[in-house]
Each structure stands twice: as structure tokens, then as C-alpha cells.
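My notebook is open and I have a handful of spots to look up. Here is the structure I am working from.

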Amino acid sequence: MIDDGFIVKTVDPDDHRATQLSLSPMGEQRAVEITAVLDKLNGYLLDNAGQSLPPYDQIINLRHALTGID
């Protein structure tokens, strides 16, 4: 991810033996995109879980819902 430009690696200013990892601007943008996709996926799954059903049936519904995701 460092080589691809998503993460920046720098030397810790307080302890030069350590390094710090942080998201680059490109990494931050990708994190926003991933979060949006995950929010949409979670909403879709919750809508299809059948929350009033017993847990076993909810799991079955979620498995079926996952097979329909592109």
C-alpha cells in the first residue's frame, strides 16, 4: 500500500527508531469510498435480514442476500 501511494511512511520525530504510517490524500479518498460502499452494503443487509425472524432465519436471509450482490 506504501508502494501504491495509499500510505505514507515517515520517521517518528520523537523516536527515530520508529516509523509512523498514515493515509496519503489518495488513501484518504479511497477510505471514504470504501466507507460509502460498506454503509450501503450494511443497509442492504439489514433491510433483507428479516429482523423480526429468529436469528437462524436471519442468517439464512443474509446468506441469500449476499449471493445477489454484484
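Predicted model: local features only at pLDDT ≥ 70, side-chain atom pairs only at ≥ 80, totals over all residues.

I started with Leu66, which I found in helix H2, residues 55–67. (Helices here are DSSP runs of H or I with at least four residues, strands are runs of E with at least two, and both are numbered from the N terminus.) Leu66 counts as partly exposed because its relative accessibility is 45%. The cut-offs I use are under 20% relative accessible area for buried, over 50% for exposed, and partly exposed in between, with a 1.4 Å probe and protein chains only.

Residues are numbered from 1 along each chain as its sequence is written, and side-chain values use heavy atoms, leaving out hydrogens and water.

Which residues form a nonpolar patch with Leu66 on the surface? I noted Tyr44 and Ile69, and the three together have about 250 Å² of accessible area. (A patch takes residues with over 30% relative accessible area and no salt bridge, joining nonpolar side chains within 5 Å and like charges within 9 Å; a salt bridge is a Lys or Arg side-chain nitrogen within 4 Å of an Asp or Glu carboxyl oxygen. The areas are Shrake-Rupley values with a 1.4 Å probe.)

Next I checked Ser24. It sits in the loop between strand E2 (19–23) and helix H1 (25–48). Is Ser24 buried or exposed? Ser24 is buried, because its relative accessibility is 7%. Its side chain reaches the backbone oxygen of Gly5 at 2.5 Å, and a polar contact is an N or O pair within 3.5 Å, one able to donate a hydrogen and the other to accept it, with sequence neighbours counting only if both atoms are side-chain atoms. Beyond four places in sequence, Ser24 is in contact (heavy atoms within 4.5 Å) with Gly5, Phe6, Ile7 and Val8.

Then I followed H1 itself. H1 has 24 residues and reaches 35 Å from first C-alpha to last, close to the expected 34 Å, which is 1.5 Å times one less than the number of residues. After H1 comes Gly50, with a positive phi near 75°.

Thr19 is partly exposed because its relative accessible area is 45%. Thr19 and Lys9 are 10 residues apart in sequence, yet their C-alpha atoms are 6.6 Å apart.

Last entry: Asp3, in the segment before strand E1 (7–11). I have Asp3 down as exposed, since its relative accessible area is 78%.
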